[in-house]
Amino acid sequence: MATAIITGASQGIGACIAKRLAQDGFDVVINHYPSDSDKEKALAVAEECRAFGVKAECYAADVSKFEQCEAMVKQVKADFGTIDALVNNAGITKDKLLARMSEDEYDAVIAVNQKSVYNMTKHVTAVMMKQRYGRIVNVASVAGLYGNPGQMNYSASKAAVIGMTKTVAKEFGSRNITCNAVAPGLIRTPMTDVLSDELKAKMIEAVALRRYGEPEEIASVVSFLVSDNASYVTGQVIEISGGLSM
Ligand code: NAP
């Protein structure tokens, strides 16, 4: 049985990806931030995954911390035997116009959204190299492609993730490891629930399909990218935004 690690999978897009990959037949590793409330939500996600007849376990780790990622990957390898897919999904926002954005708000978003991709990819590719097989998907954002007012920290982190995706694709292609990114637009999750109705309405005006995306619509593309159907796809960024950028 193939194993997939999904970071930040206690809710939102990550939880949905975990369930979809479980449905696809992957054993799933549900990473969550080390807090009681995240653990509780992650356990419920694992329960839903097991309903598809696969193994599903929760692992607490703050993915912005190098040592915590190293320990988690080591434990997963010991518990599951292989690591076939990694979905770097964990992310946060701390939106403010640059004039008001503090250094702490800048650094926190870079640490969770960008450094985590280094932390996880470094340890997981060490396992995948030996297997001569691996599928990595990074969850970027349209903000990383086009920028967004109030999101200098977030846009920087997601643009970096796109550069990291292409670099990993080039460094590890000869070992049969692919690395791609998805760039979601406005998706209905707890992250976007906090936006004002006025801002949401304005953003949806710019979407060709004139609606929010659903987490399932991200999960289906991730499902493709980690499958054999995507065996010759690497270093690509797939925008899933309902036509936001046209
Ligand atoms: P979400 O509902 O807030 O989920 C993000 C998950 O990541 C949460 O479970 C969160 O835990 C976890 N997380 C945060 N920091 C972490 C850390 N240091 N270690 C481990 N886990 C951590 O947001 P979402 O909308 O599903 O976002 C998922 C990904 O999609 C993110 O990378 C986001 O940037 C990207 N994205 C989302 C949208 C959108 O419209 N929703 C658009 C483009 C891209 P806590 O709840 O404890 O923080």
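Predicted model: local features only at pLDDT ≥ 70, side-chain atom pairs only at ≥ 80, totals over all residues.
**View 1. Helix H1 packs with helix H2.** Helix H1, which covers residues 12-23, and helix H2, which covers residues 36-50, pack with their axes 8 Å apart and at an angle of about 20°. Angles under 35 degrees count as roughly parallel, and H1 and H2 are therefore described as roughly parallel to each other. Their crossing is right-handed, and the contact is formed by Ala15, Ala18, Lys19 and Ala22 on the H1 side and by Val45, Glu48 and Cys49 on the H2 side. Sorted by class, the residues of this contact are five nonpolar and two charged, with no polar ones.

**View 2. Helix H1 also packs with helix H9.** Helix H9 spans residues 215-225, and the axes of H1 and H9 lie 8 Å apart at an angle of about 50°, which makes H1 oblique to H9. The crossing of H1 and H9 is right-handed. From H1, the residues Gly12, Ile13, Cys16, Ile17, Arg20 and Leu21 meet Pro215, Glu216, Ile218, Ala219, Ser220, Val222 and Ser223 of H9, and this contact has eight nonpolar, three polar and two charged residues.

**View 3. The ligand is surrounded by 29 residues.** The closest of these residues are Asp38, Asp62, Asn89, Tyr154 and Thr189. In the side chain of Asp38, an N or O atom is 2.8 Å from an oxygen atom of the ligand, whereas for Asn89 a backbone N or O atom lies 2.7 Å from an oxygen atom of the ligand. Val63 also takes part through its backbone, where an N or O atom lies 3.1 Å from a nitrogen atom of the ligand.

Conventions. Residues numbered from 1 in each chain as written. Heavy atoms only, no water. Axes fitted to C-alpha atoms, helices over the stretch in contact; angles between N-to-C directions. Helix = DSSP H or I, 4+ residues; strand = E, 2+ residues; numbered from the N terminus. Parallel < 35°, antiparallel > 145°, perpendicular 65-115°, else oblique. Left-handed = near helix turned anticlockwise from the far one by under 90°. Contact = heavy atoms within 4.5 Å. Nonpolar A, V, L, I, M, F, W, Y, C, P; charged D, E, K, R; others polar. Near = heavy atom within 4 Å. Polar contact = N/O pair within 3.5 Å; in protein donor to acceptor, adjacent residues only side chain to side chain.
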